Amino acid sequence: MDILNNHWLALPFLGSAAAIILRQDLPRTFDGKVVIITGSSQGIGRELAFQLAEKGARLVLNARNEAKLQAVKAELASSGAVVTTCAGDISKQADCERLINTALEQYGRIDVLINNAGVGIQYPMEQLQPDVLHTVVETNLLGSIYCTYYALPHLKKTKGSILFIGSIAGIHGIPSSNVYAATKMALTGLAESLRLETFASGVHIGIAQLGFTQNDPDKQHIGPDGNLVPCPKRDPSMVSPQDKVAKGVIEMIEKRQHKRVFSGLGKLLYYLNRISPELVNLILRSQIRRFGG
Ligand SMILES: NC(=O)c1ccc[n+]([C@@H]2O[C@H](COP(=O)([O-])OP(=O)(O)OC[C@H]3O[C@@H](n4cnc5c(N)ncnc54)[C@H](OP(=O)(O)O)[C@@H]3O)[C@@H](O)[C@H]2O)c1
């Protein structure tokens, strides 16, 4: 079972225009709802924005690159979506507070927070510069915590949803995913604790554990020295399409589902890990050479 092939072929990117043409009219289950999506200038976050706009959501988009964010906003607005942007770095607490305040100033309420922004990295730990460890933890974990912290009081008023975008690396560690897996596992703990804490308030807390998903062709990962490097190519047969993944995440919010493991391989990993973590270790150990670990 080659679930960790690191030499995958490039997947041609389906532009949003083509995706929109192919989509059916979606029921407007988010009519008027205010949805904040971190990391929505590309990839899964951007796809979520397009699908949620079709379902009637009023959007707050976020990413660091203002120009890319404005391009997504313009594309959405041209099809009639209600959308605002807040460029900012979620690893910075003040930017997260500003993001939540932007939603409140613009729309007066918040119904859904999707903690999607994250950075990928795939190197054995001893190859990483210490600053890189900060970047990954501050973005993938603290960024989600800060946004949740500032949004929670407002989500209690609307009995809204917080959705964390996790990973199958949050089910079982994966070779060379060390600090990435640590952040995604931590999101599971965060989601579970918050679910207990907020039970009486009616806030829905969900975590989507995504498997390998189609990447934008220009997606970048963090290199061992902190510089961005092209994301390793993936075998197209091993990745889930972005539109399918986004549809599943949105379904989780609609059904107020707590947890969903995405992709066949993700489900296999999840159940195998419950039955025999040792067997999972054996399988993953056999993959280490691919990662130079
Ligand atoms: N793709 C997969 O196979 C896969 C699998 C499992 C889990 N996931 C998770 O799914 C999420 C989205 O992944 P993706 O593949 O769509 O990633 P992506 O294509 O690299 O997009 C990441 C988005 O997050 C933004 N971002 C990154 N760092 C940020 C920061 N510090 N502050 C604000 N925005 C930031 C990026 O824009 P800027 O660079 O302009 O800020 C971009 O909009 C991530 O949490 C990832 O870990 C992905």
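Start by selecting α2, residues 43-54, in this predicted model.

Keep α2 selected and show what surrounds it. Is this helix enclosed or open? Of its 12 residues, 12 are buried, so α2 is largely enclosed by the rest of the structure. The buried set runs from G43, I44, G45 and R46 through E47, L48, A49 and F50 to Q51, L52, A53 and E54.

Now move past the end of the helix. G56, which follows α2, has a positive phi, near 95°.

Next, select the ligand and the residues around it. The shell holds 31 residues, and the closest are G39, G43, R64, N65 and G118. One of these, G43, is also among the buried residues of α2.

Which helix or strand gives the most to this shell? α2 does, with 3 residues. Two further elements to colour are α5 (130-158) and β5 (161-167); like α2, each supplies at least two residues of the shell.

Colour the shell by residue type. It divides into 18 polar, 8 nonpolar and 5 charged residues.

Finally, zoom out to the whole chain. There are 9 helices and 9 strands to find. Of the 293 residues in the chain, 41% are buried. Turn to contacts between residues at least 6 apart in sequence: 74% of them join residues at least 24 apart.

Key
Residues are numbered from 1 along each chain as its sequence is written. This is a predicted model: local features need pLDDT of at least 70, side-chain atom pairs count only at pLDDT 80 or more; totals for chains, interfaces and linings use all residues. A residue is near a molecule or strand if its C-beta atom, placed from the backbone, lies within 6 Å of it. Helices (H or I, at least four residues) and strands (E, at least two) are DSSP runs, numbered from the N terminus. Ala, Val, Leu, Ile, Met, Phe, Trp, Tyr, Cys and Pro count as nonpolar, Asp, Glu, Lys and Arg as charged, and the others, Gly among them, as polar. A residue is buried if 20 or more other C-beta atoms lie within 10 Å of its own, exposed if 12 or fewer, and partly exposed in between; C-beta atoms are placed from the backbone. Two residues are in contact if their C-beta atoms, placed from the backbone, lie within 7 Å.
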